[in-house]
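Here are a few exercises to get you started with this model. Try each task yourself, then walk through the solution.

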Amino acid sequence: VEMAQRTLVLGSYERFLMGFDVSPSSSHGQSLALSKTLSLAAHRGAVKCVASASSGGLLASGGTDDTVRIFDIEKGLDMGALSENDATITALRFVESKHLLSASEDGAIMCWKTGGTWEHVRTLRAGGHLKSAAVRGLDVHTRAKVLLSVGGDARLCLWSLKTGRCLYGHRVPFGEATQVSVAPSQECYATLGDGAVVVNAFEGKARQLACASPPSGGRKFHRLAFWANSEALLACDDGSIVLWDYQRSGGGGGGGGKLSQLPDSSVSLRIAKAHESRVKSVVAVSDSTFASVSSDGTLRLWDIRSTGTHLDEARTGARATSLCVVAARHAEMATRDDDGAAEEEAPRGKKP
């Protein structure tokens, strides 16, 4: 798969979306380079989140203007706005490229059918998060057809995508979480907050596999991206990036429930000064490449095999909020593919 089939898109407080193609460098042999291909004022306020469809091409962005904007990056089309939300959009997630889920500050989770008129299928709210608690993060277990959400009420909720009902909910052990992420294997999931990350198995009553707090006092986690096998990339507010092997995070950081700092034995890679300011997000680009963006708008591309040296960077000057990878439609994804489950089982229902 050629890297030119990937576009990195970041959102910013300045309401802009910026896109950078990842392609072979003309001056560095087999190295990779970033080239700016997109810049547009997507919202009337800050961009809070971005997401891409696994089938490629489509990009969604959510903002403080209470709208979701849809773009076809490959064709260069602005496909319009979804404006039924009544609060800031906090998280977005495509499901099998057939549906889009959006979460907002007022606790609503909306489901949209992609394509055509982008019909609003249903709103998930009853029986889940506490009233008026913001939903901070979303992810989907595609084989089981369930949605996971975390919110400002310090709860994690499990929803049926077939019925829209909340199946289960419990308090997050470390308090409010800002992200929930399902591993590519779909055997476990991670919840992440400022001061902790916890990994649980889906089987065995959500058995805890690992938990840890940031490596040293005062650091915070901003984002997690699952990597190969039992590893995950962690973006930290001191400008560092850590590749964490959570299966080796035993002892005090293991499954006993007690939070302790990331043990050195569980750190496969540490880039101490990946950025000059806090790392806002990190994403896997291919099986050997990842990208990170900092709060000062510096986007960097990394090869996991070359520790401590980035392949290329772009200094946007924007205050970055979010980052995602958009694949071309004809590209076979080298990273996570969410289309493994049957399309006919995607969320459906009448308008509320």
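**Exercise 1.** Work out whether Thr191 is buried or exposed.

*Solution.* Thr191 has a relative accessible area of 4%, so it counts as buried (under 20%; exposed is over 50%, partly exposed in between, using a 1.4 Å probe and protein chains only). Finally, look at what it touches beyond four places in sequence: its contacts (heavy atoms within 4.5 Å) include Val150, Leu156, Phe174 and Val198.

A word on ground rules: this is a predicted model, where local features need pLDDT of at least 70, side-chain atom pairs need 80 or more, and totals for chains, interfaces and linings use all residues. Residues are numbered from 1 along each chain as its sequence is written, and side-chain values use heavy atoms, without hydrogens and water.

**Exercise 2.** Find out how Phe290 and Trp302 are arranged as an aromatic pair.

*Solution.* Start with the count: the structure holds five aromatic pairs (Phe, Tyr and Trp rings, the six-membered one for Trp, with centres within 6.5 Å). Phe290 and Trp302 lie 6.1 Å centre to centre with 10 degrees between the planes, and that makes them stacked (under 30 degrees; over 60 is edge-to-face, the rest tilted). Now locate them: Phe290 is in strand β25 and Trp302 in strand β26, so the pair ties together parts 12 residues apart in sequence.

Terms used: Helices (H or I, at least four residues) and strands (E, at least two) are DSSP runs, numbered from the N terminus.
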